[in-house]
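Student: Can you walk me through this chain? I'd like the overall layout, then a few residues.
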Amino acid sequence: SAGSLSDAAGNAMSSFSIGTNLATGSTIIVDGILPTVSEVKATTADGIYNIGDILAITVIFSETVIVTGTPQLTLETGATDAVVNYASGSESTTLTFNYTVPAGAVSSDLDYGSTTALALNSGTIADSAGNVATLTLAAPGETNSLGASKALVVDGVVPTVSSITSTTADGTYKQ
């Protein structure tokens with residue numbers, strides 16, 4: 001009652017009506033705060049993980065988010081990076097991505113590859129007011145990154161025999 005409304009150009013609104021959709025004493029909440037990523041970590045214990053092991057990677061937001069579709073998190077795992085699909089956590093602050101170690105994956109300290117490693121993949125991540133989340137992650141290895149919060153070693157390389165040699169001199173031997 002003691003203010004004015006104007007558009008971006010500064011033109012004052014001469015009058016407006018709230019209408020009949022709002023009852024006297026109704027509360028209007030304006031939420032302009034975007035959810036942001038606070039931290040990436042894992043619920044999986046520190047250790048060495050091999051082919052077939054599953055690591056639960058969690059992306060923690062500043063407020064509750066609602067997820068549609070299948071967002072993805074790209075992990076740095078050697079020659080071929082791992083793209084991990086969202087598994088659970090909608091309507092909470094913690095989203096889970098389950099990474100299954102494949103053959104060939106290698107990492108001495110599992111992390112994502114860049115600050116843009118979290119992608120919507122045609123889905124959405126937003127708060128209950130519809131504010132779309134900012135998906136920027138902490139730099140790999142920095143505070144609040146997966147690499148800084150956990151010590152997860154990935155060893156998806158199967159040992160092979162490269163050659164067989166003997167130190168015994170050539171010759172004929174009997175039992």
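Tutor: Start with the count: the chain has one helix and 11 strands. Bear in mind that this is a predicted model.

Student: What pattern does the chain follow along the sequence?
Tutor: It reads β-β-β-β-β-β-β-β-β-β-α-β.

Student: How much of the chain counts as buried?
Tutor: Of its 175 residues, 29% do. The accessible surface is about 11000 Å², and carbon and sulfur atoms hold 52% of that.

Student: What share of the contacts join residues at least 24 apart?
Tutor: The figure is 70%, taken among contacts between residues at least 6 apart in sequence.

Student: On to the core. Which residues of the largest nonpolar core touch the most other members?
Tutor: Ile57, Phe61, Leu75 and Tyr99, out of 31 residues in that core. Strands S1, S3, S4, S5, S6 and S11 each supply at least two residues of this core. S3 gives the largest share, six residues.

Student: Why would such residues gather at all?
Tutor: In soluble globular proteins, nonpolar side chains tend to be buried together.

Student: Take Tyr99. What does Tyr99 touch, beyond residues up to four places away in sequence?
Tutor: Its partners are Asp53, Ile54, Leu55, Leu75, Thr77, Ala82, Val84, Ala105, Leu110 and Val154.

Student: Thr77 is on that list. Where is Thr77 found?
Tutor: In the loop between S4 and S5.

Student: Is Thr77 buried or exposed?
Tutor: Buried. Its relative accessibility is 2%, and the cut-off is under 20%, so Thr77 counts as buried.

Student: What lies 3.3 Å from a polar atom of the Thr77 side chain?
Tutor: The backbone nitrogen of Ala82. Ala82 is also among the contacts of Thr77, leaving aside neighbours within four places in sequence.

Student: Switch to Val106. Which strand is Val106 in?
Tutor: Strand S7, which covers residues 106–107.

Student: What is Val106 in contact with, leaving aside neighbours within four places in sequence?
Tutor: Thr77, Gly78, Val154 and Val157.

Student: How far apart are the C-alpha atoms of Val106 and Val154?
Tutor: They are separated by 5.1 Å, while the two residues sit 48 residues apart along the chain. Val154 also touches Tyr99.

Key: Residues numbered from 1 in each chain as written. Predicted model: local features only at pLDDT ≥ 70, side-chain atom pairs only at ≥ 80, totals over all residues. Heavy atoms only, no water. Helix = DSSP H or I, 4+ residues; strand = E, 2+ residues; numbered from the N terminus. Contact = heavy atoms within 4.5 Å. Core = buried A, V, L, I, M, F, W, Y, C linked by side-chain atoms within 4.5 Å. Buried < 20%, exposed > 50% of the residue type's maximum accessible area, 1.4 Å probe, protein only. Areas by Shrake-Rupley, 256 points an atom, 1.4 Å probe, with all protein chains shown as cover. Polar contact = N/O pair within 3.5 Å; in protein donor to acceptor, adjacent residues only side chain to side chain.
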